[in-house]
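Have a look at the structure first.

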Amino acid sequence: MSENWNKRTNAVHGGTRRSQYGEVSEAIFMTQGFVYDSAEAAEARFIESGDDEFIYARYGNPTVRMFEERIALLEGAEDGFATASGMAAVSGALTAMLKAGDHVVSSRALFGSCLYILEEVLTRYGVEVTFVDGTDLTQWEAALRPDTRAVFFESVSNPTLEVIDIRAVSALAHKVGATVVVDNVFATPVFSTAIEQGADVVVYSATKHIDGQGRALGGIILGTKEFIRKTVEPYMKHTGGSMSPFTAWVMLKGLETLSLRVNAQADNALKVIEAVRDHPALARALYPGHPSHPQHNLSMGQMEKGGTVLSLDLKGGQPAAFTFLNTLQVAVISNNLGDAKSIVTHPATTTHQRLSEEQRAELGITPGLVRLSMGIEDAADLIADVTAGLDAAL
Ligand SMILES: *Cc1c(COP(=O)(O)O)cnc(C)c1O
């Protein structure tokens, strides 16, 4: 295992811990507990655990530790704590560090459950939250205060694919000493350089690209060793949102092929947007990796590729969007993303249904907007599928 290896090598070998059997594929240590050689050894381990010493799976487990180390190497973070879901990572990262009286500034364009944490949960415990338009640096600057403890945003917003300037927002936040927490799902650990650009903490839903095959829920909080082991670990291990060893094994295997999959998905996204963007059924076609995206230069400056998701806004509103969804044969209708299978979603009636019409309008989630998570299928089949859907929606 080497920090000098490149990402693709670390994604395959990073963090591997072999048992005495020398297994090639990582072992699943499906155990919640660990046996001590003596009472004295148990006492000693509770005082201080060595690198290969575990106490209880809620605190840590060898398979989970392999996943944490592998993804930390991939992201360029010092350390990570694996969680039961992406939301356990988002809520854990924030709740672990905040207390009553703290101030948080957050981008408004958030995944529904993230919005719930910031709007409903943190405020209930006396944390003050100010929402800003994440793409407007003057709003960040105006909202940040000397007592701002944390800044939170999705680096690419769901589903309108607005890109937040990680470098600029981090620089502003660091001036007041705030910790920058980035939900980086759409960038993926393969395309991201968020930590290099100033993010202090990066969270992922591993459910998305890291599993990438629709099997398991999981998440990860990445940051400095100090933040992960002194702030996050005590909170997570006592509140119970830790990842199961079996899930960690699924995610480890996912990391091995992550680069191959997301590169193929991003290439498909670019080919599809190129092929359909002038279609007469469309009012807007959004993909950060295409030069037509209003923040294309910013996107390419902070991600290696434009990601795996594109959004299309149909002129015919919801009826046209529903016809589009119902016509697609390759892409399936679901609400996950990052999967090897292409997935199509109508955010206004599903993932963002909870919002009021005004909130949706403010975020650009129009009735005609559809989100397409591109899979690894053949590009020609995807282009034919999306074109047929748009033709039917005319
Ligand atoms: C899916 C998602 C989450 C939540 O992840 P789960 O694994 O479903 O809990 C958080 N943030 C973003 C941006 C997501 O897309």
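A salt bridge here is a side-chain nitrogen of Lys or Arg within 4 Å of a carboxyl oxygen of Asp or Glu. With that in hand, R145 and E128 pair up through their side chains, N to O at 2.9 Å. This pair ties together distant parts of the chain, 17 residues apart: R145 sits in the loop between α6 and β4, and E128 in strand β3. Keep in mind that this is a predicted model.

**Salt bridges**
- The whole structure has 24 salt bridges.
- E26 and K253 make one of them, at 2.8 Å from N to O.
- That pair spans 227 residues, from the loop between α1 and α2 to helix α10.
- E26 counts as buried because its relative accessible area is 7%, under the 20% cut-off.
- K253, at 23%, is partly exposed.
- Within helix α3, E69 and R65 are four residues apart, about one turn, and their closest N and O atoms are 3.6 Å apart.
- Both E69 and R65 belong to a salt-bridge network that also takes in other residues, including R17, D51 and K237.

**Ligand site**
- Among the residues surrounding the ligand are S85, F111, C114, E154 and D183.
- Ligand oxygen atoms lie 2.5 Å from a polar side-chain atom of T207, 2.7 Å from a side-chain N or O of K208 and 2.8 Å from a backbone N or O of G86.
- The protein covers 92% of the 380 Å² of accessible area that the ligand has on its own.

**Surface patch**
- I28, M30 and F246 make a nonpolar patch of about 290 Å².
- I28 belongs to the loop between α1 and α2 and is partly exposed at 33% relative accessibility.

Notes: Residues numbered from 1 in each chain as written. Predicted model: local features only at pLDDT ≥ 70, side-chain atom pairs only at ≥ 80, totals over all residues. Heavy atoms only, no water. Patch = residues over 30% accessible without salt bridge, like charges linked within 9 Å, V, L, I, M, F, W, Y side chains within 5 Å. Areas by Shrake-Rupley, 256 points an atom, 1.4 Å probe, with all protein chains shown as cover. Helix = DSSP H or I, 4+ residues; strand = E, 2+ residues; numbered from the N terminus. Buried < 20%, exposed > 50% of the residue type's maximum accessible area, 1.4 Å probe, protein only. Near = heavy atom within 4 Å. Polar contact = N/O pair within 3.5 Å; in protein donor to acceptor, adjacent residues only side chain to side chain.
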